[in-house]
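User: Please walk me through part of this model, one question at a time.

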Amino acid sequence: MTDKNAEQAFNSVIEKDTDELMGLTFQCVCGKTHSIPIDYLSVNKGAVNEIRNRMDESGISGAGVLIYDRKIESSVVERVSKTMKEQGITFTMYPVGDGKKDPRPEIDLSKSIAEDIGEKADFLMSVGSGVISDLTKYASAVLKIPCILVPTAPSMNGYTSSMAALTDRGIKKTLMIPPAKAIFADIDILVESPIEMVRSGLGDIVSKSVCNADWKLSQLIKDTYFCPLPSHITDKTEPLYLAAAGEIGEQTAHGMEVLTDGIMRSGLSMTVIGTSTPSSGAEHVIAHYWDLMALKDGGEKHFHGVQVGVGTLVMLKLFDFIRSFPVKKVDINKLKGNYQSKSDLTAFIEKKFGIYAYGVREEYFSKYMNWGEKEQEIGFIIENWTRLWDELDTYIRPIEPVEDALKRCGAAVYYHHLGKSREEMLDALKNAPYIRGRYTLLDLAMDLGILEEAAEKIIV
Ligand SMILES: [Zn+2]
Ligand SMILES: [Zn+2]
């Protein structure tokens with residue numbers, strides 16, 4: 001394929017409406033062939049009435065198992081299961097949890113669900129939001145059977161993704177699995193979802209610019225793979241959900257449609273690439289850090305996207321601060337003197353993360369360099385500073401529209417809306433980079449020795 005053809009194919013893909021992207025395979029300008037192995041996506045009123053017909057088209061038949069959270073979804077589950085029975089679909093019910101506590105998004109729980117169901121099912125189906133969907137998707141991957149999702153809240157972007165975000169010994173892992181075969185996002189159901197989950201959905205996707213800027217940064221410094229397709233897939237809807245933030249907060253049908261379309265495209269931006277990178281930058285690392293700390297020390301938990309929204313604003317401010325930092329002032333000898341050895345870091349991680357230290361060490365040491373390598377990298381960064389920022393600028397968005405959208409939607413905007421103190425916010429900026437192997441702007445700031453100074457300035 002010529003470059004021109006690849007460019008034409010690229011442009012036609014990014015113009016497509018979300019449902020038209022299903023089943024897509026094409027050769028991209030980045031040299032890779034991308035595909036979306038999902039048969040069907042409906043973001044419509046009455047979408048659940050289409051389930052049987054679409055199952056037939058996808059060749060999904062036999063006995064299904066409908067997985068749901070015993071605690072929160074009873075009325076919706078009843079409604080969906082009634083519709084499915086009327087459509088002549090055969091399935092049994094599988095409640096998760098004890099009806100009191102929230103089911104945890106753990107790999108082990110998903111494996112035990114799969115083991116329990118065993119060969120009884122020809123397909124799995126989830127009626128639920130993030131945790132239930134991910135547990136179901138992963139269990140269907142273990143059982144090697146197709147899976148169908150009926151989202152009950154537009155709370156996160158994983159419905160269309162080819163991965164499950166589950167924890168392994170407290171550390172959030174992104175596990176590559178086949179995506180769902182079909183997704184039925186029924187607006188009549190979604191308008192009734194809890195408002196905090198709706199706000200979480202918006203918070204999850206306002207992060208796009210930080211995610212793509214961090215990903216681009218990693219390519220520029222670490223020479224890792226990068227493709228412009230994911231950001232273009234989500235660019236199409238970004239202005240729409242930012243503009244509709246007020247309606248999203250009021251949960252109008254239009255607001256829910258715009259938000260749900262946005263989260264579906266965000267999920268697809270990961271599926272086309274096969275990694276979570278286009279939808280998970282440093283703002284996600286901060287959110288995962290808070291989850292880990294809540295697990296370790298107790299303390300208040302918040303929805304994923306609500307934390308991501310707060311983290312996004314902080315990161316946009318950090319991009320702004322570091323862009324204008326006089327990099328020539330960086331003192332290499334001072335950095336060398338302060339550079340921590342692996343054994344110092346091991347001791348620090350043990351102390352800071354307690355029983356979760358093992359997982360943290362694994363992540364952090366996957367990006368650790370000895371001083372010689374790091375010195376070279378820092379030299380490269382300083383030398384190419386202007387070019388780096390010129391390239392990054394394509395992906396970084398202004399702070400105000402994002403801040404304004406979160407406000408209009410009624411979501412948490414600043415750390416104190418999450419009940420956190422300034423010290424806790426500073427702690428997250430300083431220590432979140434340890435829990436993820438991915439290189440982000442936080443690592444760049446840390447390597448240049450300016451993270452603490454930046455954090456003090458931008459966190460007021
Ligand atoms: Zn590509
Ligand atoms: Zn997310």
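User: At what angle do the axes of helix α4 and helix α5 cross?

Analyst: This is a predicted model: local features need pLDDT of at least 70, side-chain atom pairs count only at pLDDT 80 or more, and totals for chains, interfaces and linings use all residues. Residues are numbered from 1 along each chain as its sequence is written, chains are lettered from A and ligands numbered from 1 in the order in which they are written, and side-chain values use heavy atoms, without hydrogens and water. Helices (H or I, at least four residues) and strands (E, at least two) are DSSP runs, numbered from the N terminus. The axes, lines fitted to C-alpha atoms over the stretch in contact, with angles from 0 to 180 degrees between N-to-C directions, come within 8 Å for α4 (residues 107–117) and α5 (residues 130–143), and cross at roughly 55°.

User: What is the orientation of α4 and α5 to each other?

Analyst: Under 35 degrees counts as roughly parallel, over 145 as roughly antiparallel, 65 to 115 as roughly perpendicular and the rest as oblique. The crossing is at roughly 55°. α4 and α5 are therefore oblique.

User: Which strands of the sheet does α5 touch?

Analyst: The open sheet has 6 strands in parallel pairing, ordered β3-β10-β7-β6-β4-β5; pairing takes at least two DSSP bridges. Contact means heavy atoms within 4.5 Å. α5 packs on this sheet at about 175° to β6, touching β4, β5, β6 and β7.
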